[in-house]
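The structure is shown first, and the notes follow by topic.

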Amino acid sequence: MNIVVCVKYVPDAQSDRTFNESDNTTDRVGVDGLLSELDEYAVEEALKLVEAGEGEVTVVTVGPDQAADALKKALQMGADKAVHVKDDAIHGSDAVATSLVLAEAIKKIGSPDLVITGMASTDGTMSVVPAMLAERLGLPQVTFASELSIDGSTVTIRRDGDAASETIVATLPALVSVTDQINEPRFPSFKGIMAAKKKPVEEWALADLGVDASQVGLEAAWSKVESFTKRPPREQGQIVTDDGDGGTKLAEFLYAQKFV
Amino acid sequence: MVATRLLPSEEAHDLIDLTREICDKELRPRVDAAEAAAAVDPQFPRDVYKILGRAGLLSLPYAEEWGGGGQPYEVYLQVVEEIASAWMSVAVGVSVHSLTAYPVATVGTDAQKQALLTGMLSGDQLGAYCLSEPLAGSDIGSMTTRATPDGSAGDGWTIKGRKAWISHAGHADYYTSFVRTSDDGGRGLSCFVVPGVAAGLTFGAPERKMGLHCDTVREVIYDTVPVDGDRLVGTEGQGMAIALAALDSGRLGIAAAATGLAQSALDLAASYAKDRMQFGRPIADNQGLAFMVADMEAAVTGARAAYLHAARLKDAGRAFSKEAAVAKLLCTDAAMRVTTDAIQVLGGAGYTQDFPAERMFREAKVTQIFEGTNQIQRLVISRHVLKG
């Protein structure tokens, strides 16, 4: 089974995340970045499926030069090869354009039996790219999988909702997005680090995919960030002096805030 | 603060990144509770070594041909330092385990490397290093644990005696053991790799130590333990030379671990000093305290430079015994001072178990003692400087 996993390079949530002052897009260059943690689950699931059978795992990303780090991490975990779509024109793309570029890249990679994505990115957290991508590829979309199994030509997932868990079956080829409940992503190993250095990483531009620059980027985006304001610093809380009625005052405060 | 590192290759950078990720996700969340629990009821975090082993961090300084990572000491030691900054007991365990493979890797035959070393470097196994005895600490030439030929056709041996202060005792898969094979003082020692499942191998009660509680230390008792002849590593009588050479490398492991411990104490103190308000400003704004932090930083940076210098000499195939002793002395004394000062910076909070400063302080103390006391290091250094 050949699997394509879509991964994203995101700003490290442990560091300060900012926007570019010039065009209000996420700053991806001046900050520490990494493979989106939610995508590690997608990579792990693909590796498990291939290890249990046969085939290969290709990871694909759309992003600036630094995004190569996300691919490297996936290769170190065990993916077989990687595709990096980068083009200055892509800067500022929205989910619609991103799904277009990913779809064309996946078509060029071949016809995978399965496309796996994370449930969302840890920066944009929109969760819409998997659905858009499935639509563009004409694949069944089975999203938010917390369990996944393959039987012949069908894929079965469990999707946990607030009220019920659904079991959903689709025919292959299909697109599946996975949650952080589906597995425990492995750490790379040092042998994996050494092996990754020899694995193929292809770099494609928009022209290689037949995508016109006017279809992507900030100008083509359906929505734009008009302005942003830094979160205000946390204000000091209300200090209650206990004159023997501290308990009452505390209860009054909680009641006023509708906590009790 | 993340330590600034000059590393010789891209894979070394990736290796440090991997180590930091494992430390952040698997070690740091567990260390406080695990050390506190082990202080009361001995327990050994074998599962942590499984994680490190799977990631390839238990075999870094050995040849790839036998399953090692093929990394220079310069890189391996910085991995140990990173682990120590998260969990000192585990870093000491990694250093000890790495040492247990040293005799087979350096003087073993190819057959022994195939039979023993590949397992030692697989990441699945953990070793123990059995040198000290109750009456033979710094004076290893006075050891009395003895191997005698069993008279069998297979050139087997029988070992009787006891070893003291053995890390991983009772948990190890094999015991790299230095024992007496003749009465010829220091020339009468030989090295054996004893399987953990050997008959007659038993263990004393875990030592009740001041710190490093997750580094389980017990006596290893050899009650007529049979060992096959092909588990004699090197030649009969070569044991002392092997042990001393191994100790030079082992000292670097402890030096690196002590540096990581000092770094984490410094990080704790610096972060506390910036947060703790007194007289309406952070205590870090007081120059008297800020200068303490500066001295701590200077001590850590100096310690790192000292062990890396010795490591680079070793990697270049040059003599490094003196430099290893200097590094062990400087790094462990730095760890003691920096952890002591960290408690001072944290004030009353530093003296409580609510903060890890007092744990780090207790952990630092033993680094001045094991792998050769710092008095022995001075002996080694002075002999090098004053010889001839």
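**Chain B overall**

Chain B has 11 helices and 10 strands. Its radius of gyration is 21 Å, close to the 21 Å that the globule rule gives for 388 residues, so chain B is as compact as a globular protein of that length. The model is predicted.

- The C-alpha trace of chain B spans about 80 × 45 × 40 Å along its principal axes.
- Of the 388 residues in chain B, 56% count as buried.
- Among contacts in chain B with a separation of 6 or more, 74% come from residues 24 or more positions apart.

**Helix pair H2(B) and H4(B)**

- In chain B, the axes of helix H2 (residues 46–54) and helix H4 (residues 88–100) come within 11 Å and cross at roughly 60°.
- The two helices, H2(B) and H4(B), are therefore oblique to each other.
- The crossing of H2(B) past H4(B) is right-handed.
- H2(B) contributes Val48(B), Tyr49(B) and Leu52(B) to the contact, and H4(B) contributes Ser89(B), Val90(B), Gly93(B) and Val94(B).
- Five of the residues in this contact of H2(B) with H4(B) are nonpolar, two are polar and none is charged.

**Ala79(A)**

- Ala79(A) sits in the loop between helix H2 (68–77) and strand S5 (81–85) of chain A.
- Because its relative accessible area is 0%, Ala79(A) is buried.
- Leaving aside neighbours within four places in sequence, Ala79(A) is in contact with Leu47(A), Val57(A), Val59(A), Ala74(A) and Lys199(A).
- Ala79(A) and Lys199(A) lie 120 residues apart in sequence, with a C-alpha to C-alpha distance of 8.8 Å.

Note on methods
Residues are numbered from 1 along each chain as its sequence is written. Chains are lettered from A and ligands numbered from 1 in the order in which they are written. This is a predicted model: local features need pLDDT of at least 70, side-chain atom pairs count only at pLDDT 80 or more; totals for chains, interfaces and linings use all residues. Side-chain values use heavy atoms; hydrogens and water are left out. Axes are lines fitted to C-alpha atoms, for helices over the stretch in contact, and angles run from 0 to 180 degrees between N-to-C directions. Helices (H or I, at least four residues) and strands (E, at least two) are DSSP runs, numbered from the N terminus. Angles under 35 degrees count as roughly parallel, over 145 as roughly antiparallel, 65 to 115 as roughly perpendicular and the rest as oblique. A crossing is left-handed if the near helix is turned anticlockwise from the far one by less than a right angle, and right-handed if clockwise. Contact means heavy atoms within 4.5 Å. Ala, Val, Leu, Ile, Met, Phe, Trp, Tyr, Cys and Pro count as nonpolar, Asp, Glu, Lys and Arg as charged, and the others, Gly among them, as polar. Buried means under 20% relative accessible area, exposed over 50%, partly exposed in between (1.4 Å probe, protein chains only). The radius of gyration is taken over C-alpha atoms; the globule rule is 2.2 Å times the number of residues to the power 0.38.
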